[in-house]
Amino acid sequence: MYVGRDMTELSMIPKSEWKDSELAFFHHSFQQIIHYLNSEGQTLHREIIEEIEARGGLKRNEADYTHGTRISFD
């Protein structure tokens, strides 16, 4: 379950200030409903993807005994 800021709050701040977990969660959510998004939703999803790419992706560089190599938004 996602515990964090909702889209209403996040829409008022630039994507560059979003946490990686927020980007990962909303990217995953939009991927699930991509065929049903209107043009505004598609634009928002594209901006999220562009921010993820600007950060170099969401994968962690190395794993340790408490964290895997993927960002978890849960």
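At what angle do the axes of helix α2 (residues 20-32) and helix α3 (residues 39-54) cross? In this predicted model, local features need pLDDT of at least 70 and side-chain atom pairs count only at pLDDT 80 or more, whereas totals for chains, interfaces and linings use all residues. Residues are numbered from 1 along each chain as its sequence is written, and side-chain values use heavy atoms, with hydrogens and water left out.

The chain contains three helices and zero strands, in the order α-α-α along the sequence. Helices (H or I, at least four residues) and strands (E, at least two) are DSSP runs numbered from the N terminus.

The axes of α2 and α3 come within 10 Å and cross at roughly 135°. This makes α2 oblique to α3, because angles under 35 degrees count as roughly parallel, over 145 as roughly antiparallel, 65 to 115 as roughly perpendicular and the rest as oblique. Axes are lines fitted to C-alpha atoms, for helices over the stretch in contact, and angles run from 0 to 180 degrees between N-to-C directions.

From α2, the residues L23, F26, H27, F30 and Q31 meet L44, H45, I48, I49, E51 and I52 of α3, where contact means heavy atoms within 4.5 Å.

Of the chain's 74 residues, 26% count as buried (under 20% relative accessible area, with exposed over 50% and partly exposed in between; 1.4 Å probe, protein chains only). F26 touches Y2, R5, D6, M7, L10, W18 and I48, not counting residues up to four places away in sequence.
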